[in-house]
Amino acid sequence: MRDVNPNEAMTFNRRALPWYYVLVALFVAALGITILLIGPEEGEIGIILVALFCIALGVFGLYAVVKTRRHAGEPMVTLSPDGLVFEAQGGGPVAWSELTGLAWVNVKGQTGLVVQMTDAAHSRVSPSRAMQTAAKLDQALLGSKGLTVWHNQIEGSLEELAGLIAVYSNAHGGPDLSVAP
């Protein structure tokens with residue numbers, strides 16, 4: 001873990017999806033187009049639907065890569081003396097005293113760090129319906145509300161982020177947030 005001064009702000013930036021995802025998206029779209037060009041027999045609606053699904057999935061994949069690359073390097077999570085800021089959600093900082101814990105979640109091989117917080121803090125930083133739905137899943141899995149940062153969303157490691165959150169929380173009167181990976 002890097003040496004830090006908890007009286008200064010520290011930012012973890014967004015990570016972009018790798019460029020090889022473009023190749024995967026192009027392959028999937030090309031597969032769908034090829035299936036349509038080969039020409040399914042009359043009445044084979046299932047094959048046409050699969051081809052259209054492949055094309056749509058490829059186009060969506062290209063969009064996702066371009067969008068994440070456009071936002072790469074922008075702040076994702078900022079730790080400051082005032083609190084923890086989830087830049088994507090807005091809503092201002094979550095005070096260190098409003099954090100209740102850290103937990104690890106693993107979904108289909110993807111590791112995430114769940115920053116648990118009070119209900120009031122969560123409702124302030126989760127204005128969208130999608131974020132509130134995700135919070136319900138976190139609550140069902142972990143028993144408390146929180147926001148999840150996935151390993152592929154930030155530059156740096158989740159272990160380092162968890163350690164720094166614990167350091168900042170201890171330095172600014174928050175709870176002890178030590179969590180084992």
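Biologist: Which residues form the nonpolar patch on the surface?
Modeller: In this predicted model, the patch is made up of Tyr20, Tyr21, Leu23, Val24 and Leu26. Together they have about 520 Å² of accessible area.

Biologist: Where does tyrosine 21 lie?
Modeller: Tyrosine 21 is in helix H1, which covers residues 20–38.

Biologist: OK, rings now. How many aromatic pairs does the structure hold?
Modeller: Two. Tyrosine 20 and tyrosine 21 make an edge-to-face pair, 5.0 Å centre to centre with 70° between the planes. The other pair, tryptophan 96 with tyrosine 168, is tilted, because the planes sit at 35°, with the centres 6.0 Å apart.

Biologist: What does that tryptophan 96 and tyrosine 168 pair tie together?
Modeller: Parts that are 72 residues apart in sequence, because tryptophan 96 is in the loop between S3 and S4 while tyrosine 168 belongs to helix H5.

Biologist: Is tryptophan 96 buried or exposed?
Modeller: Buried, at 2% relative accessibility. Tyrosine 168 is buried too, at 1%.

Biologist: Switching to the largest nonpolar core: which residues touch the most other members?
Modeller: The core has 27 residues, and those are Val77, Leu79, Leu84, Leu99, Met117, Leu161 and Ile165. Elements supplying at least two core residues each include strands S2 (75–80) and S4 (99–107) and helix H5 (158–171). H5 gives the largest share, seven residues.

Biologist: What is isoleucine 165 in contact with, leaving aside neighbours within four places in sequence?
Modeller: Leu79, Leu84, Trp96, Leu99, Leu102, Leu113, Val115 and Leu177.

Key. Residues numbered from 1 in each chain as written. Predicted model: local features only at pLDDT ≥ 70, side-chain atom pairs only at ≥ 80, totals over all residues. Heavy atoms only, no water. Core = buried A, V, L, I, M, F, W, Y, C linked by side-chain atoms within 4.5 Å. Buried < 20%, exposed > 50% of the residue type's maximum accessible area, 1.4 Å probe, protein only. Helix = DSSP H or I, 4+ residues; strand = E, 2+ residues; numbered from the N terminus. Contact = heavy atoms within 4.5 Å. Patch = residues over 30% accessible without salt bridge, like charges linked within 9 Å, V, L, I, M, F, W, Y side chains within 5 Å. Areas by Shrake-Rupley, 256 points an atom, 1.4 Å probe, with all protein chains shown as cover. Salt bridge = Lys/Arg side-chain N within 4 Å of Asp/Glu carboxyl O. Phe/Tyr/Trp six-rings, centres within 6.5 Å; stacked < 30°, edge-to-face > 60°.
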